[in-house]
Amino acid sequence: MKKIQITFTVLIIALLTLSSCGAIVKTKAKKLATVEEGAIPANFGGNNSVVLFVTSGKRSYDKYLKRNIKKAYQGNYELVSKEALNSAKYADKDKYRYIFDFKKEFYSYHSDNAVIYGQSAHTGMKNATGQVRRFGITDRIDKKDYVMSMTSGFWSKLQRMYIKNMETVRLQNTGIQVSK
């Protein structure tokens with residue numbers, strides 16, 4: 001019985017730790033995904049254009065993108081694959097002015113963990129690599145990228161806050177009062 005209690009306690013602590021990290025990401029993203037920080041165009045949404053949200057073709061990413069848009073964005077938008085962006089359908093830059101997408105960024109770090117990185121960690125080769133998604137908006141008329149300075153492994157929470165802030169700016173630029 002005592003072993004079950006200890007296991008349960010460890011599980012609760014792990015869940016609280018993970019959920020608190022997500023809360024930190026959301027709080028920081030709310031501050032960084034702004035016009036002032038250069039992540040959203042100042043005139044975003046004022047012209048009633050349709051935002052193109054780029055899908056990746058990977059079910060795991062696309063599922064969260066769709067969910068985050070549904071929960072956070074009320075403006076005009078279309079989901080589009082990267083390949084379809086250059087099609088004739090989306091050639092009208094006045095109508096389809098903004099593109100929301102991400103770029104993968106790779107990074108290196110050092111680790112002595114032989115369990116994860118195998119024998120190379122013992123032989124002095126302690127480099128490992130990881131990747132993150134850096135979200136941003138492209139203004140197709142001004143030919144300018146608005147990129148969020150923050151990345152995180154909690155990319156879905158980061159993405160949702162970015163989209164939520166896009167919606168706030170859109171509403172402000174259309175003259176609709178936004179409650180905080």
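Good morning. The model is a predicted one, in which local features require pLDDT of at least 70 and side-chain atom pairs count only at pLDDT 80 or more, while totals for chains, interfaces and linings use all residues. Residues are numbered from 1 along each chain as its sequence is written, and side-chain values use heavy atoms, with hydrogens and water left out.

I begin with the overall architecture. The protein chain contains four helices and five strands; these are DSSP runs, with helices being H or I of at least four residues and strands E of at least two, numbered from the N terminus. Read from the N terminus on, the order of elements is α-β-α-β-β-α-β-β-α. The chain has 180 residues, and 36% of them count as buried. Here buried means under 20% relative accessible area, exposed means over 50%, and partly exposed lies in between, with a 1.4 Å probe and protein chains only. The accessible surface of the protein chain is about 11,600 Å², and 55% of that belongs to carbon and sulfur atoms; areas come from the Shrake-Rupley method with a 1.4 Å probe, and for residues only the protein chains shown count as cover. As for contacts (heavy atoms within 4.5 Å), among those between residues at least 6 apart in sequence, 69% join residues at least 24 apart.

Ile69 belongs to helix α2, which spans residues 59–72, and Ile69 counts as buried because its relative accessibility is 0%. Which residues does Ile69 contact, leaving aside its neighbours within four places in sequence? They are Phe53, Tyr77, Leu79 and Ile163.

Not counting residues up to four places away in sequence, Arg170 touches Phe44, Gly45, Tyr73, Gln74 and Gly75.

I turn now to the salt bridges. The criterion is a side-chain nitrogen of Lys or Arg within 4 Å of a carboxyl oxygen of Asp or Glu, and by this rule there are six.

One of them joins Lys89 to Glu78, with the closest N and O atoms 3.5 Å apart. Lys89 sits in the loop between β2 (77–81) and β3 (98–110) and Glu78 in strand β2, so this pair ties together parts that are eleven residues apart in sequence. Lys89 is exposed at 51% relative accessible area, whereas Glu78, at 21%, is partly exposed.

Asp142 and Arg97 form another salt bridge, at 3.1 Å from N to O. This pair links distant parts of the chain, 45 residues apart: Asp142 is in the loop between β4 (127–139) and β5 (144–147), and Arg97 in the loop between β2 and β3.

Finally, the side chains of Glu105 and Arg134 meet at 2.6 Å, N to O, in a salt bridge. Glu105 lies in strand β3 and Arg134 in strand β4, so the pair ties together parts 29 residues apart in sequence. Glu105 is partly exposed, at 31% relative accessibility. Thank you.
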